[in-house]
Amino acid sequence: MTGYLERLVLRNLRRLTEAEISPAQGLTLIVGRNGQGKTTVLEGIHLLSTGRLLRAGTENDAIQLGQDGARVEGTLTGGTELAVTLRRGSRKMAYLNGLGQRRASDLIGRMPVVAFSAQDLSLVTGEPADRRMYLDLEISQVSPAYLRDLTVYKKNLKERNALLRQEEWVSDDLLATYEEAMAEAGAGLRQARAQWVTELAPLARDAYATLAPGETLHVEYLPHEEWMDAEGAREDYAVNRRRDRERRMSIRGPHRDDMAIEVAGVDGRKYGSQGQQRTAVIAVKMATRALMAARRGEWPLLLLDDVFSDLDAQRRACLAEWASQPGGQVILTGTEPELAGSALISAQALYWVDSGVVTRDEIRG
Amino acid sequence: MGFARPLAELIAQFERLPGVGPKSAQRLAFHVLRMPLEDVRRFSHALTVARESLGVCSICQNIAEGETCEICRDGRRDPHLICVVSEARDIMAMERIAEYKGVYHVLHGLLNPLNGVGPEQLRIRELLARMSGGVQEVILATNPTVEGDATALYLAKLIKPLDIRVTRLAHGMPIGGELDYADTATLLSALEYRREL
Ligand SMILES: Nc1ncnc2c1ncn2[C@@H]1O[C@H](COP(=O)(O)OP(=O)(O)OP(=O)(O)O)[C@@H](O)[C@H]1O
Ligand SMILES: [Mg+2]
Ligand SMILES: [Zn+2]
């Protein structure tokens, strides 16, 4: 059991010079006008749980202008303490119970989250890399073996690409050495991705049907090649070695995988309306939350950033109801509390954000 | 106003050492100026003697005084069993357990193409040259990192076809360590390499 996020402290993250939040066990609303610092709160939580911010851009950009560093701390029920620090011109650091970790990603899995923000639309509208990032991040949170395979795969891929870029001749034996490691780790990635999407697809379809009755959502894993085991991978890398030498990079493997997301029978990226795309992403995220809960036996923390803005009233109501179901911790941002509809009624904590200052609304207890 | 020429030169020399920045170099140089002349002479003598008399062993590439190292010269050591390590200091760790009776081979690094370290930059040719002398087993004792794994895998590819047994040091839970505190990577590898009881 990992427990809830009981307390969050943010220092010098964007506009938030110093903010402290004690989220409820159920639903917490964070409300404020545009540009006041609402998303920043969610970014801080995301950084703690995944080692990554929510929006694109470098981590340096998130450090408050005029400051050298930023820090986020979180306390989970049971007393586990997580912390991440950003420092200009140096590596970000992660701490578990005060102990420095080797990598920021070492915190992954301690406080699993599922997030939905404007950035996540790229799951439908973006490139294959965006969908791989989804798979990698979500599966890593429930499977340390996947995170290990991913780290090993990426490092060996980089080494192999460095060899392929060299001017001097590189022996087959040396290339095959890196292919070996990529094959073992890559097979682990493929099998885990296939299983994840197989379990995700029906959940996503149901979630979409609830949000938009009458329309269907189809999600499918698209491995770049057919192989699923290390044996097949080794062969594929070996057979294509000559082409890789010519192209001076590894052109095949799990680092080229993709996922199909079809709305109402057509590719959501090319043909989906904005509302459909948004709904598809929310459905995938809802399904992800359910799948993570099934795998871990407890709900991941759900972060919903400004979800209500582009949705019609029916979808809004549906989403609000889903977010306010008992059992999971949800942190939701919006410009007006009223937008949250029925979610507002069940909210257990309400925070106002104004000019980077976060205050708790005591009236709502 | 700058430092007197000899002092500036001394600072510059200290700065060339690994891990010594301008500030430490200055501190060290001023310290030398305060040392008794006799101590300074002994220090500079030790530097020269160490550099002049130490080289690498022509057999195993360990640090050696003379042509070969003490371990290679020791007749009680089994020359048919070779433990391959990345650095000379790894030999000291192995020797502390006083269990290993074979000899060593020092690679002086690990494969790392990203940093421009390929097989040519390591003492691999020297290792292969030793394989003709009736070697029975090669133990690969590189670290369980991506670089250590790749180096071990590459060497195995080269040595196995010669009909020589190739083994790798096991990695898993630290003895006396608690399951609770083991990091995830260690636990995963301990689980994968578990053995029958
Ligand atoms: N490095 C930084 N230093 C100081 N301020 C920053 C920095 N980066 C961003 N900001 C400011 O922080 C604010 C962005 O905060 P955030 O995105 O959390 O706002 P928000 O409340 O979610 O707004 P919206 O409702 O528009 O999404 C903006 O006012 C921006 O100018
Ligand atoms: Mg925002
Ligand atoms: Zn020797």
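Ligand 1 is surrounded by 18 residues, the closest being A:N34, A:G35, A:K38, A:T39 and A:T40, where a residue is near a molecule if its C-beta atom, placed from the backbone, lies within 6 Å of it. Within this shell, helix α1 (residues 38-50) of chain A gives the most, with 3 residues; helices are DSSP runs of H or I of at least four residues, strands are runs of E of at least two, and both are numbered from the N terminus. By class, the shell around ligand 1 comprises 4 nonpolar, 9 polar and 5 charged residues. In this classification Ala, Val, Leu, Ile, Met, Phe, Trp, Tyr, Cys and Pro count as nonpolar, Asp, Glu, Lys and Arg as charged, and the others, Gly among them, as polar.

The model is predicted, and local features need pLDDT of at least 70, side-chain atom pairs count only at pLDDT 80 or more, and totals for chains, interfaces and linings use all residues. Residues are numbered from 1 along each chain as its sequence is written, while chains are lettered from A and ligands numbered from 1 in the order in which they are written.

The secondary structure of chain A amounts to 11 helices and 15 strands. For its 365 residues a compact globule would have a radius of gyration near 21 Å, and the 22 Å of chain A agrees with this; the radius is taken over C-alpha atoms, and the globule rule is 2.2 Å times the number of residues to the power 0.38. Along the principal axes, the C-alpha trace of chain A spans about 70 × 50 × 35 Å. Of the 365 residues in chain A, 45% are buried, a residue being buried if 20 or more other C-beta atoms lie within 10 Å of its own, exposed if 12 or fewer, and partly exposed in between, with C-beta atoms placed from the backbone. Among contacts in chain A between residues at least 6 apart in sequence, 70% join residues at least 24 apart; two residues are in contact if their C-beta atoms, placed from the backbone, lie within 7 Å.

Chain B contains 8 helices and 6 strands. Its elements follow the order α-α-α-β-β-α-β-α-β-α-β-α-β-α from the N terminus on. The radius of gyration of chain B is 22 Å, well over the 16 Å that the globule rule gives for 197 residues, so chain B is more spread out than a compact globule. Its C-alpha atoms fill a box of roughly 70 × 45 × 35 Å, taken along the principal axes. Buried residues account for 21% of the 197 residues of chain B. Of the contacts in chain B with a separation of 6 or more, 46% involve residues 24 or more positions apart.

The contact between the chains takes 17 residues from chain A and 13 residues from chain B. On the side of chain A that touches chain B, α4 and α5 (172-211) each supply at least two residues. Helix α4(A) provides the largest share of that side, 10 residues. The side of chain A that touches chain B divides by class into 9 nonpolar, 2 polar and 6 charged residues.

Helix α4 (residues 144-165) of chain A packs against helix α8 (residues 184-192) of chain B at an angle of about 100°, with the axes 10 Å apart. The axes are lines fitted to C-alpha atoms, for helices over the stretch in contact, and angles run from 0 to 180 degrees between N-to-C directions. The two helices, α4(A) and α8(B), are therefore roughly perpendicular to each other, a term that covers angles of 65 to 115 degrees, whereas those under 35 count as roughly parallel, those over 145 as roughly antiparallel and the rest as oblique. A:P144, A:A145 and A:R148 of α4(A) make the contact with B:T184, B:A185 and B:L188 of α8(B). These residues comprise 4 nonpolar, 1 polar and 1 charged.

Individual residues were also examined. A:A192 lies in helix α5 of chain A and is buried, with 20 other C-beta atoms within 10 Å. Leaving aside neighbours within four places in sequence, A:A192 is in contact with A:I139, A:S143 and A:Y146. A:D306, in the loop between β12 (301-305) and α10 (313-323) of chain A, has a phi near 55°, a positive value in a residue other than glycine. In chain B, phi of B:H108 is likewise positive, near 60°, and B:H108 is located in the loop between β4 (102-106) and α6 (124-130).
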